Amino acid sequence: MKTNTFTNLAKQRTRAAAERTLLAWIRNTLMLLELGIVISQISETFVQNFPEASRNLEFEELRVIGLLSIGLALVLLALAMWQYIAAVRSLRRPDYTSLPSHPLEIASTAAVLLYGLSALCILFF
């Protein structure tokens, strides 16, 4: 199959779009990772500095929420890498067809939903 200049330019634009999408996912997962670290450190610092008050309050839940944030960030980053690798591999094929991004969107939405529900359960129960 013979390709022309327009096809090559379209593939370059598609690859650049995939790279921009991956960088956006990296930025978002870094923010979620930082949030998890901050929540964990705040709860740990409060327990160390105010041991009497921390006996009455449950700061272990905040630590769990921080760890959930870190875990969610790592899972979402792995999903984003998987989507990027699949997009680049599909560009190399001679019979290029665009891959749907629905699995990544569904997985990330489900992961954030589960994170929110688990955080609510931890805080209220």
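The questions below take the labels one at a time.

Reply: Start with one caution: this is a predicted model. Then the outline. The chain has 4 helices and 0 strands. Its elements run α-α-α-α from the N terminus on.

Me: Why is helix 1 called roughly antiparallel to helix 3?

Reply: Look at the angle. Helix 1 (residues 5–49) and helix 3 (residues 60–92) pack at about 170°. Angles over 145 degrees count as roughly antiparallel. Therefore helix 1 is roughly antiparallel to helix 3. Their axes lie 7 Å apart.

Me: What kinds of residues make up the contact of helix 1 with helix 3?

Reply: By class, 23 are nonpolar, 7 are polar and 6 are charged.

Me: Why does Thr 29 count as buried?

Reply: Buried means under 20% relative accessible area. Thr 29 has 5% relative accessibility, so it counts as buried. Thr 29 lies in helix 1.

Me: Which residues is Thr 29 in contact with, leaving aside its neighbours within four places in sequence?

Reply: Thr 29 then touches Ala 73, Leu 76 and Leu 77. For the whole chain, 23% of the 125 residues count as buried.

Me: What makes Arg 15 and Glu 19 a salt bridge?

Reply: The cut-off is a side-chain nitrogen of Lys or Arg within 4 Å of a carboxyl oxygen of Asp or Glu. For Arg 15 and Glu 19, the N to O distance is 3.3 Å. That pair therefore meets the cut-off. Both residues lie in helix 1, 4 residues apart, about one turn of the helix.

Me: How many salt bridges does the structure hold?

Reply: It holds 2. One of them joins the side chains of Arg 63 and Glu 44, at 3.6 Å, N to O. This pair links distant parts of the chain: Arg 63 is in helix 3, Glu 44 is in helix 1, and they are 19 residues apart.

Me: What makes Arg 63 and Glu 44 partly exposed?

Reply: Again, the value is set against the 20% and 50% limits. Arg 63 has 35% relative accessibility, so it counts as partly exposed. Glu 44, at 35%, therefore counts as partly exposed as well.

Definitions and conventions: Residues are numbered from 1 along each chain as its sequence is written. This is a predicted model: local features need pLDDT of at least 70, side-chain atom pairs count only at pLDDT 80 or more; totals for chains, interfaces and linings use all residues. Side-chain values use heavy atoms; hydrogens and water are left out. Axes are lines fitted to C-alpha atoms, for helices over the stretch in contact, and angles run from 0 to 180 degrees between N-to-C directions. Helices (H or I, at least four residues) and strands (E, at least two) are DSSP runs, numbered from the N terminus. Angles under 35 degrees count as roughly parallel, over 145 as roughly antiparallel, 65 to 115 as roughly perpendicular and the rest as oblique. Ala, Val, Leu, Ile, Met, Phe, Trp, Tyr, Cys and Pro count as nonpolar, Asp, Glu, Lys and Arg as charged, and the others, Gly among them, as polar. Buried means under 20% relative accessible area, exposed over 50%, partly exposed in between (1.4 Å probe, protein chains only). Contact means heavy atoms within 4.5 Å.
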